[in-house]
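Subject: A structure for you to explore

Hello! Here is the structure I promised to hand over, and my notes follow below it. Please keep it open while you read.

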Amino acid sequence: MSSSTDIVYDYVPLDDLDKAIEIEQQGYPADEAGSAESFRLRQSQAGTLFLGAYQVDGSSRTLIAYICSTLSPATSRTHESMSTLTTHIPGSSSVCIHSVCVSGTHRHQGIGLALLKEYISRLEQANIDGSAKYERVLLITHENLRGFYEQGGFEWVGPSPIVHGSKPWFEMRRNLTRGDSTELSKPVHSETQLPPGVWEALQRRPDIIPSSRQISDFPNGLADVLTADGKKQGVSHNKFDLLCPRAGCGSIILKNGVGEWVERSSVQLEPTGSPENPHLSPLPTPPETAQWWLITGSPMAFENIGFTRPVQSLTNSGPKLKLLICGECDLGPLGWSEEGGSEFWLACSRVCYRG
């Protein structure tokens with residue numbers, strides 16, 4: 001338990017759950033407020049992610065605000081991660097905030113922001129202690145609360161496909177300090193010991209975002225992003241650097257000329273019925289064909305790429321897949337590889353092209 005003047009922070013016990021539900025129902029419209037059932041599930045399954053702010057008066061204390069979350073392996077908020085019954089997956093890396101709410105009589109006093117900062121501090125401390133491996137915090141909010149969350153260190157992602165209530169939602173995220181992170185202000189080894197371009201990539205200012213285009217922006221579509229291999233007949237490579245398609249990220253995923261263009265059967269990367277991610281083009285349904293960039297050898301061929309934990313293929317019982325995601329903002333899946341394999345497949349339509 002920690003304190004600030006007459007406000008203390010503590011995890012919300014079952015005895016205070018009715019008060020939390022009362023604050024929720026008073027703070028949100030009826031079509032947005034969480035149900036009593038969802039609160040009981042979150043408190044029982046993810047109690048260490050249900051933090052309250054209490055006002056102390058002598059020997060008693062009263063709950064005046066709370067934040068409740070659950071864990072998900074998803075790197076972006078989805079309908080599934082919002083679900084009441086399937087929302088908490090222990091050991092996952094994404095903390096999905098469901099509600100940040102302050103009682104009506106205590107609003108506009110800085111209590112919500114102080115609670116949010118305390119919440120983030122506890123998550124990062126858990127990483128340092130080794131009791132958790134949280135990588136990011138995800139939430140959806142209405143546009144009028146953007147400034148509030150930006151004060152808490154969150155970044156604006158953009159419109160969310162989630163429908164919950166009558167108003168549109170927008171996704172925001174905050175990456176967390178991990179216990180195994182290392183300082184990047186100085187190289188551990190000299191620059192000459194690092195693979196070419198790695199140190200420059202680490203040093204790239206995040207506000208310098210390369211201009212990019214999607215395949216649909218080229219007059220001749222895919223043909224305009226291909227360049228023929230000068231030694232191998234019938235082989236084409238990526239003519240431009242491949243970039244993360246999320247606006248505001250622009251991370252260089254693969255340098256030009258590294259990927260080989262292949263037309264082969266599509267792969268189902270998202271569960272059936274999942275909402276479309278506005279940043280990612282839908283892929284053809286297997287066994288229809290799709291356009292891919294094939295990268296072989298090792299992940300070191302990439303400039304910046306991330307991998308999910310191995311997941312079972314959605315279309316067959318073969319080897320598990322590791323989904324490819326942006327190494328900077330975790331957007332994905334951009335492609336896939338078989339667990340332990342040396343072939344990496346990026347969907348041509350799920351990356352942008354440096355232009």
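How much space lies in the second largest pocket? About 990 Å³. A word on the terms: on a 1 Å grid over the protein atoms alone, a pocket is an open set of points where a 1.4 Å probe fits, with protein on both sides within 12 Å along at least five of seven lines, and lining residues have an atom within 4 Å of a point. The volume is the space filled by probe spheres set on the points, which are joined across faces, edges and corners.

Before going on, please note that this is a predicted model, in which local features need pLDDT of at least 70 and side-chain atom pairs count only at pLDDT 80 or more, while totals for chains, interfaces and linings use all residues. Residues are numbered from 1 along each chain as its sequence is written, and side-chain values use heavy atoms, with hydrogens and water left out.

Of its 41 lining residues, Tyr28, Val100, Cys101, Leu145 and Tyr149 are the closest to the centre. Strand β5 gives the most to this lining, six residues. Other elements that give two or more include α1 (17-27), α2 (36-45) and α5 (146-151).

The protein chain as a whole has six helices and 20 strands. Both kinds of element are DSSP runs numbered from the N terminus: helices are H or I with at least four residues, strands are E with at least two. Of the 355 residues in the chain, 43% are buried. Buried means under 20% relative accessible area with a 1.4 Å probe, counting protein chains only.

Now to the inside. The largest nonpolar core has 29 residues, and those with the most contacts inside it are Ile97, Leu123, Tyr134 and Phe154. Such a core is a set of buried Ala, Val, Leu, Ile, Met, Phe, Trp, Tyr and Cys residues joined through side-chain atoms within 4.5 Å. Helix α4 provides the largest share of this core, seven residues. Tyr134 is in contact (heavy atoms within 4.5 Å) with Leu49, Leu71, Leu123 and Leu176, among others, leaving aside its neighbours within four places in sequence. A second, separate core of 25 residues includes Leu222, Phe302, Ile305 and Val351.

Which rings pair up edge-to-face at 85° between the planes? Phe302 and Phe344 do, with 5.9 Å centre to centre. Rings of Phe, Tyr and Trp (its six-membered ring) pair if their centres lie within 6.5 Å; planes under 30 degrees apart count as stacked, over 60 as edge-to-face and the rest as tilted. Phe302 lies in the loop between β15 (289-296) and β16 (305-307) and Phe344 in strand β19 (residues 343-347), so this pair ties together parts that are 42 residues apart in sequence. Both of these Phe residues are buried. Trp336 and Trp345 form a stacked pair, 5.9 Å centre to centre with 10° between the planes, and both are buried. The whole structure holds 13 aromatic pairs, and ring pairs link Phe218, Phe240, Trp293 and Tyr353 into a cluster.

Two rings also have a charge over them, meaning NZ of Lys or CZ of Arg within 6 Å of the ring centre and within 35 degrees of the ring normal. Arg61 sits over Tyr54, 3.9 Å from the ring centre, and Arg213 lies over the face of Phe240 at 5.8 Å.

Enjoy looking around!

Conventions. Buried < 20%, exposed > 50% of the residue type's maximum accessible area, 1.4 Å probe, protein only.
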